[in-house]
Amino acid sequence: MKPPEVIETDRLRLRRPVMEDAAAIFSTYAQDPEVARFVSWSVHPSVDVTRKFVEEDCVAGWKTGQVFPWLITLAAGGDVAGIIDLRPVATRAEIGYVLARRYWGRGLMTEAARAVVEWALAEREIYRVWAVVDLENPASQRVLEKVGMTREGVLRRWVVMPRQGPTPRDVWCFARVREREATR
Ligand SMILES: CC(C)(COP(=O)(O)OP(=O)(O)OC[C@H]1O[C@@H](n2cnc3c(N)ncnc32)[C@H](O)[C@@H]1OP(=O)(O)O)[C@@H](O)C(=O)NCCC(=O)NCCS
């Protein structure tokens with residue numbers, strides 16, 4: 001799989017992160033406990049942790065093909081607003097995302113996720129794009145519904161979300177599957 005390094009939508013420019021983005025990632029969302037409420041990572045205590053994340057998850061992810069993260073930036077001005085990633089495994093790809101608090105409630109994540117989901121489902125080898133979301137995170141559940149995913153069921157004790165405590169949480173599994181032949 002060779003995802004595009006840049007995906008453009010009406011209001012957003014999704015692009016491959018670089019080390020120089022660490023400070024903006026840290027200050028816009030990675031240090032915000034509210035953003036990290038229902039995610040599997042812990043709030044970054046310092047920009048050094050963010051640098052390590054950019055190097056070991058983002059830069060390495062694109063190199064190895066294990067995960068493709070795009071920084072979500074505003075088309076107008078280029079400010080960092082969040083991040084979205086795609087993890088392909090065999091014929092499936094999982095998405096995950098976060099948006100800085102100041103940008104919530106404007107339809108931006110729906111716009112970003114729709115672009116990534118549609119790109120992935122147009123890939124010949126991908127038949128299923130899916131995501132998990134905490135039972136208590138209705139805004140994210142709504143995003144997944146708006147990008148055409150179906151609520152498939154609850155995965156019990158699926159993932160630890162550090163802000164919720166040390167034990168794995170129950171999550172909804174959402175997916176959208178290929179209905180017709182791929183275009184690529
Ligand atoms: C979840 C998140 C990505 C949503 O981003 P966003 O850009 O605000 O989402 P959108 O504006 O595209 O859509 C949000 C939808 O949820 C709805 N919503 C928001 N809060 C809600 C709530 N408490 N209950 C029910 N629906 C809610 C909105 O009304 C909107 O739906 P609508 O268009 O039908 O009105 C963002 O809040 C975020 O980054 N949260 C923290 C990180 C996170 O939880 N990531 C997801 C992990 S699975």
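How many helices and strands are there in the protein? The protein holds 4 helices and 8 strands, where helices (H or I, at least four residues) and strands (E, at least two) are DSSP runs numbered from the N terminus. The structure is a predicted model, in which local features need pLDDT of at least 70, side-chain atom pairs count only at pLDDT 80 or more, and totals for chains, interfaces and linings use all residues. Residues are numbered from 1 along each chain as its sequence is written. From the N terminus on, the order of elements is β-β-α-α-β-β-β-α-β-α-β-β.

The C-alpha atoms of the protein occupy a box of roughly 45 × 35 × 35 Å along the principal axes. The radius of gyration, taken over C-alpha atoms, is compared with a globule rule of 2.2 Å times the number of residues to the power 0.38. For 184 residues a compact globule would have a value near 16 Å, and the protein agrees, with 16 Å. Contacts are assigned where the C-beta atoms of two residues, placed from the backbone, lie within 7 Å. Among contacts between residues at least 6 apart in sequence, 60% join residues at least 24 apart.

Of the 184 residues, 32% are buried. A residue is termed buried if 20 or more other C-beta atoms lie within 10 Å of its own, exposed if 12 or fewer, and partly exposed in between, with C-beta atoms placed from the backbone. A nonpolar core is a set of buried Ala, Val, Leu, Ile, Met, Phe, Trp, Tyr and Cys residues joined through C-beta atoms within 7 Å. The largest such core has 46 residues, of which Ile72, Ile84, Ile95, Tyr97, Ala112 and Ala113 touch the most other members. Helix H3 (residues 108–121) supplies the largest share of this core, 8 residues. Beyond its neighbours within four places in sequence, Tyr97 contacts Gly82, Ile83, Ile84, Met109, Ala112 and Ala113.

The buried residues of H3 are Leu108, Met109, Ala112, Ala113, Val116, Val117, Ala120 and Leu121. The expected span of a helix is 1.5 Å times one less than its number of residues; for the 14 residues of H3 this gives 20 Å, in agreement with the 20 Å between its end C-alpha atoms.

In helix H4 (residues 138–146), Ser140, Val143 and Leu144 are buried. Viewed down the axis of H4, these residues fall within an arc of 95° and therefore line one face of the helix, the arc being that of the directions from the helix axis to the C-beta atoms. The buried residues of H4 pack against H3, strand S6 (128–134) and strand S8 (169–177), whereas the face turned away from the buried side carries the exposed residues Pro138 and Ala139. Just after H4, Gly148 adopts a positive phi of about 90°.
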